[in-house]
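Let's go through this one together, a question at a time. Have a look at the picture first.

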Amino acid sequence: MSFVQEAYFYPNTSFPSDSLPGGNSQRESLLYDDSIKLECPICNEAMISLAQLNQHLDDVHSEESNAKKDIILSWFKNAQSTLMKPLSKAKLASLPNQLSQTVTQTVINKLSELDVLDEGSELVTRSHWQRESENDQCSHSNCGKTVNLRNGKYNCRNRQASHDPVNGYWSRVCNNCYKSRDGYLDDQGVVSSRTEEFKQNRVLCTEKAHLEGNRLEKRLEKLAKVYATKIKTGNSAQSGLAPPLTLKHRRRASEQSIVKWEDDASVTHCPLCNSPFGKITNRKHHCRLCGRIIDEKCSSKVSLHTNDYTENVEHDSVGQVRVCKECRNAVFRRREYIEEVSKTPQVVMLYQKLTKIRSAIDQTLPKFQEMLVMLKSQEIVNQTHADYQVAARTRKELLEYFTQFDAINKKINSLATNSETQRRLHSNIYLAANHLPSIKMQGKAHPGATVAEGRTLPKPCEEEADSTGDLLAVIATRRNRSLSVSSSKSTRSTKSTKGEKLRQQLGVLEEQEKLVEEYISKATRKRKIEDVQTLKASLDELRQEIDIKKQQLVELS
Amino acid sequence: MDVVKAVQNYIYKMVNEVSGMKVLLLDNETTPIISNVMTQSALLTHETYLVDRIDNRKRDKMRHLRCICFLRPTSETIQLLVEELREPCYGDYYLYFSNTVKKSQIERLAEVDEHEVVREVQEYFADYCAINPDFYSLNLTYPQNPLYGESPTSWDGRTFSRVLEGLLSVLLSLKKKPSIRYEKMSVMAKKLAQEINYQIQQEGQLFDFRKTDTPPILLILDRRNDPVTPLLSQWTYQAMVHELLGIQNGRVDLSDVPDIRAELREIVLSRDQDSFYKKNLYLNLGDLSANIRSYVQEYQTRTQSNMNIDSIADMKRFVEEYPEFRKLSGNVTKHVALVGELSRLVEKEKLLEVSELEQSLACYEQQQNDLKNLQRLITSSHISENSKIRLVLLYALRYEKAQNNATKSLVELLHHSGVSEQKIMLIDSMMEYAGADKRQDDLFANEGFLASAKSALRGLRGAENVYTMHAPHLAQTLELMIKGKLKDTSYPFLDGVTRDRPQDIIIFMIGGATYEEAKYVAELNASTPGIRVVLGGTTVHNSASFLNEVQEAFHRFSGGSSSRPPRFGQQSRTRV
Ligand SMILES: [Zn+2]
Ligand SMILES: [Zn+2]
Ligand SMILES: [Zn+2]
Ligand SMILES: [Zn+2]
């Protein structure tokens, strides 16, 4: 028996508050089954448990004489045997349900208006709670079961009640009601979102970064212009008028006009990696975009273009400048990232197709199953019947989906990869797809039953049985194939057991081969060309699988 | 109140947030949280095709994948995440933190998310390991997470904040704003209770749940009050595997088992995936062996029937049963190997004999008789050193205040029979840690005048099996609490007293809980409608890990040499 606090509504506003004196101990006694009586053998105080009695004896009676101890000892033995009996459970009467009670907020409001829900009033005395009416109803959440409401004297008839943990009264309710209280069976933990806060912070930062990026891009443009014009003057100076050294100096002056260069003497360590500069070993370089001094390893050269700055297009470059890691990132990284993300690898496209087909299967399959049930229940066996034709079309559709699904999934598994992770990704997609419930569920549609009945049914029914039977055969093949693949992958067993397994798998596959061959010849006889094609495809796959298994067996031995 | 479901639901919520190909990125602390409740194949069905660690710096760039991050917001992990966001490996990022993220951490992450790859930042409070639906652990073990700081009654600072965060997340994941009670004598329990209470007040919004009939109770206990339970040999499946082999995040290392097959070197014990385990984890070795036998028979009949498939119907049935069959065959070998190894160890270390004496020492006052048996076992060459130490510890704890306490002579005897000096030192450490003066309750029920009566009663209680008579002290505490009779003077409320009979109780055991206690709680939940109890602790102890923790702590405090005390084996214990 369980307890919840409930707020009761009393139809007649005259509330007998005089009969609700407080009393803690009484209230507690509500909570226990009174079929077990445990009392202190010395002072007869009621006890809840043996442990409590132990404590009580120590606390209150520890000074008792030795003579009394013997009494206690023998009493203990008796108590032991009594206690070991199972608690008798209060029985729920099963009187018929009367009106289902409704719970409304107004009920609770009215109750509050009555102002009877002060602390003291929720306590009910022993003299009251033992009396019960015949028809006490658990009115919580449409339960309506009649229960023993131990404190139900004043609220037994036509009572409306709702659960109210704050100002309610203790009452006995059935287990269903106990558990159906709001939130009692909630297994969804607290979730707290920080997304908004994060995004607000990010806006501030990215704006700054964008500005910085734009500023650097501008500088890069200017640098490109400087280099472009210098090359021209350089060409004209080839007659010998301007020595190359001057060219370099003049360029440097232009570069420094774009951004002020940091003073050589002021810097002893690279600001990015903190390694010290030396005269020969770790020389100083200036970043042409921010002017800071950095070392070789924290900088790189980028190509300059007059109209575009994609660094890896070499041919229309007007020159190269050294920039630091940070500036390089600020200018190029975002661009590169967007470019990279926009490239869609093949696996993505295949996966999208796979997902599409899967949802198509998920939609069509239950429909088809319904149709089969319907056809069967109405005993429609006539091929020209409209419903039959719809079912046949749906079946064809489904078969088509399965074939496609299988093909794409295989393609994903055989995609070329250049890393172990990619390989794992592809094979995991493949494995998961083979274990999709909709793909696996096939066989379970009405498998054994439909087929077995189909086989034994008299002639007129054969048509229908065949169509489902064939489908199921194909599906069974499919399922088993995926299983055999996954099992051969997931187990690393010793040689002998591996051989054993292979032989078992081979046995199953060969059985299936025969089965499918049978279906093909039947379908050919009936000139179901499309079915024959689908089945043949399955047969080919089966045979391939058989060959592989045979090969593996040979390799093992 | 189901911690496994609570954690699983968080994870499902994460992986279902977006569709498409996903990678799940974890850190060293969230990996065990996930692996306790999830399998790879369950993740696969939610399009999570790759699982990787954020501290793996050699991950491939796969910009076409969406990345679900489930991370603890520690400074180390935030740093790794900062580096990740600077050079994102994947297309989109959905960040789920297992606990509250600091404002400064949010700012730091926002600052580096220049590519604007982050789509979600959420706190999902799955910051603990859920072992059984009613049993959790914070996995804080010595030596990485020492319990004690400056003194044997003060917290290690780092461990304390981890405990605080872990326990808050338990409450949040179960949506409980509890009344807090604690063991009065434990300084550490009181400190934790106060800090939890403070944090709940601080996080008012998070803890704003609908009112319940009676407030849920958070009961904070100290292992010190019951040092006996973790010392006893265990005979129920889950507890026994942990005691003899060690369960780490649902995995058992069998690599030391003689002639073990390669695929059984490490096995997974998962309630979700393994119905045999789920059905048997609380059964004792006897019942378990019977079940294993019928399990094997079932397997054999199935293998035979599929050997002669001669009709299509047969084959169909076989195919139908094939997945079951595969699972079955994998499972049967696993449990046969496991139970086989348990039996071997029991036989080898004469654990039945040891256990009988352990139970007697734990449950009865019969000093002379037990002493004789104890002396006999100490001098026996078949009994392991650890067993001898555990027996003497039990004796020393029970008869600490007895007039004719023979602990000294037993220590002598241990010396004579060649037990290492350092292990013997543990007896003093244990008395320091949990001697009668350190315990608040009358653990052995031998301090009051009705000692013999009570002991007699205890003896009667579970008389059907001499190896499982002992009931953890927790049982008594909980029974009193459920009846509203647990004394305020011993287990005070932090603020306010409620006389209501509690409905939901969350227990946290400082210093580690045990599987024996977990089993008790599971049985209590099953047999007491209307009451829900969830048990947890800093860790899950077996005797070896418990002794290690006590030894380490008290070796340090007794001002002993700086040399490391001897180990009693890892949680997965070393074979003697
Ligand atoms: Zn009395
Ligand atoms: Zn009801
Ligand atoms: Zn540098
Ligand atoms: Zn720069």
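Q: How many helices and strands does chain B have?
A: Keep in mind that this is a predicted model, where local features need pLDDT of at least 70, side-chain atom pairs count only at pLDDT 80 or more, and totals for chains, interfaces and linings use all residues. Residues are numbered from 1 along each chain, chains are lettered from A and ligands numbered from 1 as written, and side-chain values use heavy atoms, without hydrogens and water. Helices (H or I, at least four residues) and strands (E, at least two) are DSSP runs, numbered from the N terminus. For chain B, that comes to 21 helices and 16 strands.

Q: Which atoms coordinate the zinc ion (ligand 4)?
A: Donors are N, O and S atoms within 2.8 Å of the metal (3.2 Å for Na, K and Ca), and water isn't among the atoms, so sites may look incomplete. Here the distances are 2.2 to 2.3 Å. The donors are the SG atoms of Cys287(A), Cys290(A), Cys324(A) and Cys327(A).

Q: Why does the arrangement around the zinc ion (ligand 4) get its name?
A: Four donors count as tetrahedral if all angles lie between 85 and 135 degrees. The four donor atoms here subtend angles of 101 to 120°, so the arrangement is tetrahedral.

Q: Are Cys287(A) and Cys327(A) buried or exposed?
A: Buried means under 20% relative accessible area and exposed over 50%, with partly exposed in between (1.4 Å probe, protein chains only). By that cut-off, both Cys287(A) and Cys327(A) are buried.

Definitions and conventions
Four donors count as tetrahedral if all angles lie between 85 and 135 degrees; four count as square planar and six as octahedral if opposite donors are over 155 degrees apart and all others between 65 and 115; anything else is irregular.
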